[in-house]
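Good morning, and thank you for coming.

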Amino acid sequence: MISTRPFAYPATQSPLACDGVALDALAKKYGTPLYVYSANQILTRLQLFQKAFETIPHLVCYSVKANSALAILKLLDAHGAGFDIVSCGELERILRVNRKAAQRVVFSGVGKTAAEIDLALRSGILIFNVESAGELDLLAERTSKLRKRARIALRVNPDVFAETHPYISTGLREHKFGIDIRQARTVYKTAAKQKYLDPAGVSVHIGSQIRSTDPFGAAAERVAQLVLDLRKDGLPINSVDVGGGLGIEYHSDHTFEPEAKMQQYADALLKALGPIEGLQLLLEPGRFIVAQAGALLTRVLYVKKNGEKTFVVTDAAMNDLIRPALYQAYHDIVPVVRRKGARKKAVDVVGPVCETGDFFARDRELPELKPGELVAILDTGAYGLSLSSNYNSRPRPAEVLVEGKRARLIRRRETIDDLLAAEKM
Ligand code: LLP
């Protein structure tokens, strides 16, 4: 049985720990706000994917946007992961980690620029997921200019509904992503005429934080049909990229079994893609691999009352973790040290930023908190630091990676000088 989170209280009296490393000590050493990740959990989740699909040739291309820390990319690279990137910046990260890993990179994104395409071509990435006819034209132009061949997949929009937050749903015709699956055959024919383009695959991504596995199966069925049609058209399509999007459970009082979820997911995909002979499967998970490996540690600055409401003001804010503000996302919040006799009370946990949307929880029953105490905001390994900003001129947090029983700093806290370095008066 794989535990859902690496964060636990080793004993009743002990502070919260990450794989046994006490978090109050880490906060003391590195300051707060602080992101803490478990290397062990990240690898366990990667291996869950690799095992679930071991019966067919596959590559798990971790979606870099979820958490792009170099140390995490290095860890995943060392364990055979490929990478899903959406920008030059993400590609540069991979190249810094291991130049050879470029061969395991898939390049997605609706707005690739000529410069980004050129860098990807020169680096020798695995495949481009092309999202429009216009991008195909640009790619044809850049490949002939550089005289470099490119393997391509069209990212198709399968028009499948997936229950998730509207901002992170992508698989409907009304969304900006991909090419309408009904037009795909025509676009592939155009692509096949280009000297330097090799149509090799089909890709799809229907959204993020999708908990039911049915929509993945439905999308994969449509993709499988397209692959068979394209083969009839004479195109040697053997690669299918099913994107990312597999959700986790953010509420600890709901049951969540990552192993069972993964099995369901693999069953749905393998069944739908069964008719494709000689299939090479690509997957682009982000959240499922890193979300539950991370927590954001923050210290309570003030506890204040306004009318009936109690506000717990922390030193972390929406610039450090924007998910609650942006998607009304829920994150469990727990005290690092459990104080004996602390009574539960409904509070709003908020940051110091000058926006009413700067909150981590509203009307949440939490054990009474006092200034100076530490809390951990859980399941923040994905889209936490990677979505952070310097709003209100706040330096971004430091990051620590726990490896076995040891913890090390993988990103130092930003300084005000870092923030001002690019500016001129
Ligand atoms: N592949 C593509 C083409 C994507 O656009 C994404 C995520 C992924 C893979 C990885 O999806 P995952 O397995 O992580 O669900 N900031 C939002 C999530 C945005 C997802 C964007 N695309 C959040 O915090 O919930």
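Let me begin with what is meant by a pocket: on a 1 Å grid over the protein atoms alone, it is an open set of points where a 1.4 Å probe fits, with protein on both sides within 12 Å along at least five of seven lines, and its lining residues have an atom within 4 Å of a point. A volume is the space filled by probe spheres set on the points, which are joined across faces, edges and corners. The model is predicted, so local features need pLDDT of at least 70 and side-chain atom pairs count only at pLDDT 80 or more, while totals for chains, interfaces and linings use all residues. Residues are numbered from 1 along each chain as its sequence is written, and side-chain values use heavy atoms, with hydrogens and water left out.

The largest pocket holds about 720 Å³ of space. It is lined by 35 residues, and Lys65, Thr170, Phe177, His205 and Tyr383 are the closest to its centre. In this lining there are 12 nonpolar, 14 polar and nine charged residues; here Ala, Val, Leu, Ile, Met, Phe, Trp, Tyr, Cys and Pro count as nonpolar, Asp, Glu, Lys and Arg as charged, and the others, Gly among them, as polar.

Which domains contribute to this lining? Domain 1 (7-37 + 292-420) and domain 2 (108-285) each give at least three residues to it; these bounds come from an automatic or database domain assignment. The C-alpha centres of the two domains lie 35 Å apart. Across the divide, 10 residues of domain 1 are in contact (heavy atoms within 4.5 Å) with 10 residues of domain 2.

The second largest pocket has a volume of about 330 Å³. Among its 20 lining residues, those closest to the centre are Ile333, Val334, Lys344, Leu366 and Pro367. The lining comprises 10 nonpolar residues, one polar and nine charged.

Is Ser208 buried or exposed? With a relative accessible area of 12%, Ser208 is buried, the term meaning under 20% with a 1.4 Å probe and protein chains only. Beyond its neighbours within four places in sequence, Ser208 is in contact with Thr164, Ile168, Gly245, Arg287 and Tyr383. Of these partners, Tyr383 has already been named as one of the residues closest to the centre of the largest pocket.

Conventions. Buried means under 20% relative accessible area, exposed over 50%, partly exposed in between (1.4 Å probe, protein chains only).
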